[in-house]
Amino acid sequence: MSIGGSTAADELAGIVPWAARAPAISRAERLQRIERARAFTEAMGADALLINAGASLRYFAGVPWGATERLVAMLLPVRGEPVIVCPKFELGSLQADLLIDADIRLWEEDESPYALVAGALGGARARTLAIDPALSFQMAERLRHAAPGVALIDGGPAIDNCRMRKSAAEIALMQQAKDMTLDVHHRAARMLAPGITTTEVKRFIDQAHRAMGAAGSSFCIVQFGRGTAFPHGLPGEQRLEEGQLVLIDTGCTIEGYHSDITRTYAFGNPGDDERAIWNLEKEAQAAAFAAAVPGALCERVDAAARAVLEKGGLGPDYRLPGLPHRTGHGIGLSIHEPAYLVRGDCTPLDTGMCFSNEPMIVIPDRFGVRLEDHFYMTDAGPRWFTEPQAAIDRLS
């Protein structure tokens, strides 16, 4: 696929809204998730699990609200009906979004939601409560004071053990998001021209995601030349020049499930150093994928990528020139979520786990190369959501 030669208007005009949309998560699947969470909570020695507003509340109950200073949470006892605690003025919105049956307990602005949680804990005869790690420290302390006889423990293992292993329905939603973003990448590469700004490219990418049926870009990093040497970019405007590297990292969401794909390529003729580092990056990404066999520890995938880079004279560890961050992260309803492909994460790879694969190489103050695709684990091994980039001067 060529780089440059088209226009933003032509590329946007050629987009057709995505026809084959993946189905939303069913109520039956959410109920299965709740039963798994109960089992994990009980195995931890807790009597109930408190799930805060955010990605986890969406995962279990379908409520897509972000966390705020007002407590919105689901108390899930090991036995008994889930309890949703919510401000009273939000009842109508909650009922419209809630996709499971639950006991809804409401609080006015001058009342304590923590007292409601404590009352529900008393009804569940709870002595130990597992807390969503996304709950703020301040909220946890207020809950501790409201329920002094209840011990609070980290509920992360119960939540993570559910969310890490994706179902076929979740993988289908992520596949759609990633297919859309990869299409956007191809269109963005074709509409590049000398003098175009990073802002113009970001605007085009957002418009293209929207034209396909997503709610715009969930994030977008566009860097040219020296800016590519900084993993998350430099502030300010950049203008594209012949011979520069282009790094674009972007994604969208479908039903809350994320895509996150990075492409790095040359606009014009790359130098010998850029070409050599690009090829080494591709080799490291392939080595990480090959190491992702069922049962292998997450840290072994990171080690496989670093071994390629060290053999090429980079690193070791996080030293530059080399790889300054982990090789990959879990992905789903959160763009970064457990488990992580990094030294020290000894989670065994298991069917349904989904990861980014992005062992970026940084040549300080000169340029960087990041190739990022995602894979999901099957019983037979890893499978790519998107095929890796073909070469430094073409995307496919």
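In this predicted model, Arg70 is partly exposed, with a relative accessible area of 28%. The side chain of Arg70 takes part in a salt bridge with that of Glu109, at an N to O distance of 2.7 Å. This pair joins distant parts of the chain, since Arg70 lies in the loop between helix H3 (55-61) and strand E2 (73-77), whereas Glu109 belongs to the loop between strand E4 (103-107) and helix H5 (113-123), 39 residues apart. Glu109 counts as partly exposed, at 49% relative accessibility. A salt bridge is also formed between the side chains of Arg70 and Glu69, with an N to O distance of 3.7 Å. Glu69 has a relative accessible area of 59% and is therefore exposed, the cut-off being over 50%.

Across the whole structure, 24 salt bridges are found. Among them is the one between the side chains of Asp206 and Arg210, at 2.9 Å from N to O. Both residues are in helix H9 (residues 198-212), and because they are 4 residues apart, about one helical turn separates them. Salt bridges also link Glu11, Asp183, Arg187 and Arg190 in a network.

A buried site is provided by Thr228, whose relative accessibility is 1%. Because buried means under 20% relative accessible area, this value places Thr228 in that class. Thr228 is located in the loop that runs between strand E7 (219-224) and strand E8 (244-251). The side chain of Thr228 reaches the backbone nitrogen of Gly368 at a distance of 3.0 Å. When neighbours within four places in sequence are left aside, the residues in contact with Thr228 are Gln223, Leu245, Val246, Leu247, Met360, Phe367 and Gly368.

Strand E14 (residues 354-357) is covered on both faces. Cys354 and Ser356 lie on one side of the strand, Phe355 and Asn357 lie on the other, and all of these residues are buried. In a regular strand, side chains alternate between the two faces of the sheet. Strand E14 pairs with strand E17 (residues 373-378) in the antiparallel sense, over 4 bridges. Within this pairing, Ser356 stands opposite His374 of E17.

Technical notes:
Residues are numbered from 1 along each chain as its sequence is written. This is a predicted model: local features need pLDDT of at least 70, side-chain atom pairs count only at pLDDT 80 or more; totals for chains, interfaces and linings use all residues. Side-chain values use heavy atoms; hydrogens and water are left out. Helices (H or I, at least four residues) and strands (E, at least two) are DSSP runs, numbered from the N terminus. Buried means under 20% relative accessible area, exposed over 50%, partly exposed in between (1.4 Å probe, protein chains only). A polar contact is a pair of N or O atoms within 3.5 Å; within protein, one must be able to donate a hydrogen and the other to accept it, and residues adjacent in sequence count only if both atoms are side-chain atoms. Contact means heavy atoms within 4.5 Å. A salt bridge is a side-chain nitrogen of Lys or Arg within 4 Å of a carboxyl oxygen of Asp or Glu. Two strands pair if DSSP finds at least two bridges between them.
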